Amino acid sequence: MANHYTYETKRPNIVFAISAVLVASFVLWGALSPGSLETAANTALDFMIETFGWYYMIITAIFVALSLFLVVSPFGKIRLGKSDDRPEYNYPTWVGMIFAAGIGVGFVFWGVAEPVLYFDDPPDNIAPGTDQSAIVGLRYGVFHWSLHVWAIFGLVGLVLAYVQFRKNQPALISSAFSTLFGKQMQGWAGKSIDIFAVIATAMGVATTFGLSALQMSGGLSYISPLENNFLTQFTIIAIVTVLFMVSAATGVNRGIKYLSNVNLVLASILLLFVIFVGPTLFIADNFVQVLGGYIANIIPMSLQMTPYSDSDWLGNNTIFFWAWHMSWAPFIGLFIARISRGRTVREFMMGVLLLPSLVGVIWFTAFGSTGLHQEIFGGTGISSIVAESPEVALFDMLSNMPLAFISSVLAFILIGIFFITSADSASYVLGVMTSQGGLKPMISIKFIWGVLIAGTASVLLLTGGLEGLQTAAIVSALPFSFIMLGMLACMLILMTRDLKEIREQAKETERNEIKQDLRDELYDDLKEEVYEEIRNDISETKSAPSVEENDTDDHNPKKE
């Protein structure tokens with residue numbers, strides 16, 4: 001079995017220069033004139049939601065359908081690599097690295113906040129503060145973090161893994177097109193695609209940075225005298241930037257791998273703590289109801305729009321999450337691809353789509369149910385606190401449970417490690433994307449991207465806080481969504497060709513085996529026949545009188 005793959009170091013190219021300058025210009029704009037940046041961003045946001053809201057909804061639904069199709073289709077047996085390649089990482093480590101790459105930040109930030117927020121601010125036609133709004137709130141929390149998000153990440157990761165390890169193309173978004181269009185993608189067409197992907201990734205990752213900084217700042221305000229303000233958030237970003245640089249210098253197989261395993265353990269401990277120390281039976285009942293409601297309503301929820309209403313609920317929530325996940329997709333996708341060589345398409349999609357989705361159902365049901373239980377039956381007022389500062393949702397919930405300080409410190413460490421690993425993997429991915437696809441980018445390039453992302457997150461927090469982060473994600477995702485559709489079309493064409501080739505090879509192998517079997521059978525029959533003839537000849541020869549004996553008899557003098 002081949003388990004060794006050479007990861008190249010390539011020098012940065014024009015894609016790095018242009019995208020780095022654009023991101024740096026954005027940071028300078030926000031630092032020098034935050035007011036004008038905020039105005040421009042809000043204008044762009046309103047245009048995107050009003051004009052392309054329907055588009056975000058329908059393409060995300062298509063992504064889920066395509067992902068499920070790939071799991072059960074004949075394409076599933078195609079291997080991401082050579083026929084004798086096998087996975088580089090065992091299954092638990094692989095799953096842990098997927099979570100720690102960045103999605104864990106979203107789980108921890110929104111696990112309590114979303115269901116509690118939707119309890120008082122539910123979708124249209126649902127009365128706020130009711131049992132129905134609590135159920136719908138949990139369902140939408142699960143909806144935003146299960147199949148749809150993992151379908152987006154998984155498909156981008158699948159395309160990149162396919163062209164890297166099966167087609168020997170560099171780890172670039174444009175590689176999905178160059179496999180079909182060849183030299184046409186070596187010019188500005190391919191470079192433009194990569195630049196758009198880098199910008200979208202930088203904004204999506206900056207959103208994640210900002211969320212982590214917001215939540216760590218909120219957590220510090222609960223376990224220390226520090227205030228939850230921009231200065232604290234900026235300080236956290238600066239410290240984490242230094243820490244992730246240490247991790248980045250060790251490479252994927254050490255820094256990210258070890259931190260991912262630690263984070264998987266800490267997240268499991270926190271989840272089990274909430275389930276067994278919190279309202280266990282209430283969580284169990286909600287799990288069954290939410291899972292059933294999610295399965296029954298996934299299609300209506302996926303295709304829901306409000307053309308007869310002025311409500312902005314979908315834009316502020318579902319459409320924001322779909323756009324954010326798309327802007328995040330090159331980052332998560334390329335990283336998942338990097339760690340998935342040797343797996344089959346079916347194994348890859350099942351691992352990326354189904355298991356994380358189930359974890360999403362469990363996580364949001366456990367944390368959301370606990371927050372709702374405190375609000376409805378405990379009268380803690382968590383909903384009003386979360387409405388004002390969603391970043392403190394987790395810590396406010398933990399403060400109302402036993403071992404509050406210990407669990408809050410554990411949560412803070414968990415968020416911190418998620419922050420470091422997501423920053424580490426983000427700088428790695430951006431380094432790869434701007435270094436001609438070399439899977440071992442220069443440390444200096446990773447450091448530059450780390451600083452630029454940290455600066456972008458700081459500017460977004462300065463200009464608009466959480467709303468600023470959401471705006472950047474939605475606006476930057478639109479160009480990449482068109483690129484993503486093209487990537488998927490190219491992948492399906494390549495897979496169709498490869499599957500046809502695999503089937504022809506299988507038929508040829510089968511024909512050769514049949515021919516060989518016939519040859520062997522004919523050979524055995526012929527050999528047996530020849531052996532039989534030889535035995536008969538030998539037997540006849542032994543039984544017949546020899547010529548010499550006959551001659552002797554003829555010349556015997558006595559006989560004469």
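Student: Which helix holds Val246?
Tutor: This is a predicted model, so keep that in mind throughout. Val246 lies in a helix that spans residues 230-248. That helix is α8.

Student: Is Val246 buried or exposed?
Tutor: The cut-off for exposed is over 50% relative accessible area. Val246 has 55% relative accessibility. Val246 therefore counts as exposed.

Student: Now Phe165. Is Phe165 buried or exposed?
Tutor: Phe165 sits in helix α5. Buried means under 20% relative accessible area. Phe165 has 3%, so Phe165 is buried.

Student: What separates the C-alpha atoms of Phe165 and Ile502?
Tutor: Phe165 and Ile502 are 337 residues apart along the chain.

Student: How is α5 oriented to α13?
Tutor: The axes of α5, residues 147-165, and α13 come within 9 Å. They cross at roughly 155°. An angle over 145 degrees counts as roughly antiparallel. So α5 is, relative to α13, roughly antiparallel.

Student: Which residue class has 12 members in the contact of α5 with α13?
Tutor: From α5, the contact includes Leu147, Trp150 and Leu158. From α13, it includes Phe348, Met349 and Val352. Three of the contact residues are polar and none is charged. The class with 12 is nonpolar.

Student: Which residues does Ile336 contact, leaving aside its neighbours within four places in sequence?
Tutor: Ile336 belongs to helix α12, residues 318-338. Its relative accessible area is 0%, so Ile336 is buried. Its contacts are Ile98, Phe153, Phe348 and Val352.

Student: How far apart in space are Ile336 and Gly351?
Tutor: In sequence, Ile336 and Gly351 are 15 residues apart. The spatial distance runs from C-alpha to C-alpha. It is 11 Å.

Student: Are α10 and α13 parallel or oblique to each other?
Tutor: Helix α10 covers residues 280-302, and α13 covers residues 345-377. Their axes come within 9 Å and cross at roughly 125°. The crossing is right-handed. α10 and α13 are therefore oblique.

Student: How many nonpolar residues are in the contact of α10 with α13?
Tutor: On the α10 side, Phe282, Ile283 and Asn286 are among the residues in contact. On the α13 side, Val361, Thr365 and His373 are among them. Five residues of this contact are polar and no residue is charged. The nonpolar count is nine.

Student: Is His144 buried or exposed?
Tutor: His144 is in helix α4, residues 131-144. Leaving aside neighbours within four places in sequence, its contacts include Glu114, Trp313 and His325. Its relative accessible area is 0%, so His144 is buried.

Note on methods:
Residues numbered from 1 in each chain as written. Predicted model: local features only at pLDDT ≥ 70, side-chain atom pairs only at ≥ 80, totals over all residues. Heavy atoms only, no water. Axes fitted to C-alpha atoms, helices over the stretch in contact; angles between N-to-C directions. Helix = DSSP H or I, 4+ residues; strand = E, 2+ residues; numbered from the N terminus. Parallel < 35°, antiparallel > 145°, perpendicular 65-115°, else oblique. Left-handed = near helix turned anticlockwise from the far one by under 90°. Contact = heavy atoms within 4.5 Å. Nonpolar A, V, L, I, M, F, W, Y, C, P; charged D, E, K, R; others polar. Buried < 20%, exposed > 50% of the residue type's maximum accessible area, 1.4 Å probe, protein only.
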